[in-house]
Amino acid sequence: MTSTPLPETAVFIATSLDGFIARPDGRLDWLPEPDEAEDYGYAAFMASVDVLVMGRTTFDVVRSFGAWPYGGTRVVVLTRRPLPDDLPPTASGSSLEPEPLLRQLGADGIQRVYVDGGRTIQRFLRAGLIGELIVTRVPVLLGEGIPLFGTLPHDVPLTHVETKSFANGLVQSRYHVGPDAGVT
């Protein structure tokens, strides 16, 4: 019996220069205002994924924005708490761990997954289940906040693919993740 391959996984996220994805209370007021002329590759990235897997805290923050920003993209929220009844039709919840979730998504024919949310990204990294990191550094120091990366059981080798800089000072780097990504 052959097993279904796991979908590819990727992260697309912004951090402060000192590595935080949000203030300690979760606020994102330090992020630059959206620029209609430049989306930093986000639309192309979203077009490349079949499913967005996000943590419950990130889901709650996104819901506070008002309009659902993911259109028809399927969203899976990792949570053990019940989700609100007024979920967008493309959203659902799951309490699975990263690998069983990816196995299930792979069996459903999913090819590429966007992983979002600090703790969720950290869980997938610890499990060795992130294939690509796209990190956009915003030129601001917060001093404290919610870190993108947490403790890991071992070094995670990365291979630098490219770095782009933008007129407003944002710097975006893309890395491949994994044992074949560099020196271990």
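Asp60 counts as partly exposed in this predicted model, because its relative accessibility is 33% and the partly exposed class lies between buried, under 20% relative accessible area, and exposed, over 50% (1.4 Å probe, protein chains only). The residue belongs to helix α2, where helices (H or I, at least four residues) and strands (E, at least two) are DSSP runs numbered from the N terminus. Between Asp60 and Tyr175 there are 28 Å in space, C-alpha to C-alpha, and the two are 115 residues apart in sequence. Residues are numbered from 1 along each chain as its sequence is written. As the model is predicted, local features need pLDDT of at least 70 and side-chain atom pairs count only at pLDDT 80 or more, while totals for chains, interfaces and linings use all residues; side-chain values use heavy atoms, with hydrogens and water left out.

A pocket is here an open set of points on a 1 Å grid over the protein atoms alone, where a 1.4 Å probe fits, with protein on both sides within 12 Å along at least five of seven lines, and lining residues have an atom within 4 Å of a point. Grid points are joined across faces, edges and corners, and the volume is the space filled by probe spheres set on the points. The lining comprises 44 residues, of which Leu28, Leu31, Phe65, Tyr70 and Asp116 are the closest to the centre of the largest pocket. Two or more lining residues come from each of β1, β2, α2 (56-64), β6 (112-116), α4 (118-126) and β7 (132-138). By class, the lining of the largest pocket consists of 23 nonpolar, 11 polar and 10 charged residues, with Ala, Val, Leu, Ile, Met, Phe, Trp, Tyr, Cys and Pro counted as nonpolar, Asp, Glu, Lys and Arg as charged, and the others, Gly among them, as polar.

The second largest pocket has a volume of about 210 Å³. It is lined by 14 residues, with Leu133, Val135, Leu148, Phe149 and Leu158 the closest to its centre. Strands β1 and β7 each provide at least two residues of this lining, and β7 gives the most, with three residues. The lining of the second largest pocket has 10 nonpolar, three polar and one charged residues.

Helix α4 has Gly118, Thr120, Ile121, Gln122, Phe124 and Leu125 as its buried residues. Gln122 is buried, with a relative accessible area of 13%, and, leaving aside neighbours within four places in sequence, is in contact (heavy atoms within 4.5 Å) with Pro147, Leu148, Phe149 and Gly150. Phe124, not counting residues up to four places away in sequence, touches Val53, Leu78, Pro98, Leu101, Leu102, Val115, Leu129 and Ile130. After α4 comes Gly128, whose phi is positive, near 70 degrees.

In the largest nonpolar core, which has 22 residues, Val53, Leu105, Phe124 and Ile130 touch the most other members. At least two residues of this core come from each of β1, β3 (51-55), β4 (74-78), α3 (98-107), β6, α4 and β7. Apart from it lies another core, of 16 residues, including Phe12, Val62, Tyr70 and Ile134. A nonpolar core is defined as a set of buried Ala, Val, Leu, Ile, Met, Phe, Trp, Tyr and Cys residues joined through side-chain atoms within 4.5 Å.

The structure also holds six aromatic pairs, for which rings of Phe, Tyr and Trp (its six-membered ring) must have centres within 6.5 Å, planes under 30 degrees apart counting as stacked, over 60 as edge-to-face and the rest as tilted. The rings of Phe12 and Tyr42 are edge-to-face because their planes stand at 65 degrees, with the centres 5.5 Å apart. Since Phe12 lies in strand β1 (residues 8-16) and Tyr42 in helix α1 (residues 42-47), this pair ties together parts that are 30 residues apart in sequence. Phe12 is buried at 11% relative accessibility, whereas Tyr42 is partly exposed at 26%. Tyr40 and Phe166 form another edge-to-face pair, at 4.8 Å centre to centre and 90 degrees between the planes. Tyr40 lies in the loop between β2 (20-22) and α1, and Phe166 in the loop between β9 (158-165) and β10 (171-177), so the pair ties together parts that are 126 residues apart in sequence. Tyr40 is buried, with a relative accessible area of 14%, and Phe166 is buried at 17% relative accessibility. Ring pairs also link Phe12, Tyr42, Phe45 and Tyr114 into a cluster.
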